[in-house]
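Here is a short briefing to read alongside the model. Please keep the 3D view open as you go.

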Amino acid sequence: MGAPSFAAPSTVMPSNLGGPLGGGLGDLFDLAGGVSNLSGSHVAPKTVWLPAVKAKGLEISGTFSRRAGSLSMDLTLSNKALQVMSDFAIQFNRNSFGLAPAAPLQVHTPLAPNQNVEISLPLNTVGSVMKMDPLNNLQVAVKNNIDVFYFSTLYPLYILFVEDGKMERQTFLATWKDIPNENEAQFQIKDCPLSADAASSKLQGNNIFTIAKRNVEGQDMLYQSLKLTNGICILAELRIQPGSLNFTLSLKCRAPEVTQHVFQAYETILKN
């Protein structure tokens, strides 16, 4: 995906497989697998994407979701004008991961003043690709019988984590060693009161898969993998000190510009 488009955050520190970060990798072959999925994928609350004052009375609130492998944009359209609204349509600009509507925006009856309607718009990732800044920026055009309106929103990267992202242990080990150390980033996740098993279960509900778990000098280490819709794989080591509320997340990826967004996904999933 080209050169990184984000400056490294202050929490990023290089490390290598010989140090404590990768200290448990050599024993992956001997370990039990991940924890079963006990929770569903996270869906953020809807927020206002297009305020009525900017769209001649049309207000659009929304969020993104992934359910059983299906992506959707969940919308609430509200008519705060004095006239009926109809003839709705939606279009996305080119974006980093090819997100596009998989069906027309269907509002089956005209939207009367002071009415709102809930719509789940199915999405796919076969649209035109253009790297955006920020990477997860989505520019949207919505048309109705009054005018065409434009807004942009940021989608969480976890909606792009696919269901077949669990690596075999041998593949994980080989890939971790193969990805250059300069592509590794380390982050702190603070104020997270979960056990290793609870964290693993929550993450697996969002297609972040625990390949192995072990205890190193009193710390629980989760080795994890995930894959994006465009085939990019991210490898992770999550270090959890029992009794501590702070986790250490190390990420390795051949496209390092995604790691900041993957960290944000981890933080959102673990804290909600």
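How many salt bridges does a search of the whole structure find? The search finds 11 salt bridges, each being a side-chain nitrogen of Lys or Arg within 4 Å of a carboxyl oxygen of Asp or Glu. This is a predicted model, where local features need pLDDT of at least 70, side-chain atom pairs count only at pLDDT 80 or more, and totals for chains, interfaces and linings use all residues. Residues are numbered from 1 along each chain as its sequence is written, and side-chain values use heavy atoms, with hydrogens and water left out.

**Salt bridges**
- Aspartate 164 pairs with lysine 227, with the closest N and O atoms 3.4 Å apart.
- Aspartate 164 is exposed, while lysine 227 is partly exposed (buried is under 20% relative accessible area, exposed over 50%, partly exposed in between; 1.4 Å probe, protein chains only).
- Aspartate 197 and lysine 213 form another salt bridge, their closest N and O atoms being 2.7 Å apart.
- Glutamate 267 meets lysine 271 in a salt bridge at 3.7 Å, N to O.

**Nonpolar cores**
- The largest nonpolar core has 63 residues, and Met73, Leu228 and Tyr266 have the most contacts inside it; such a core is a set of buried Ala, Val, Leu, Ile, Met, Phe, Trp, Tyr and Cys residues joined through side-chain atoms within 4.5 Å.
- Leaving aside neighbours within four places in sequence, leucine 228 is in contact (heavy atoms within 4.5 Å) with residues including Phe97, Phe161 and Val258.
- A second, separate core of nine residues includes Trp176, Ile179, Ile211 and Leu235.
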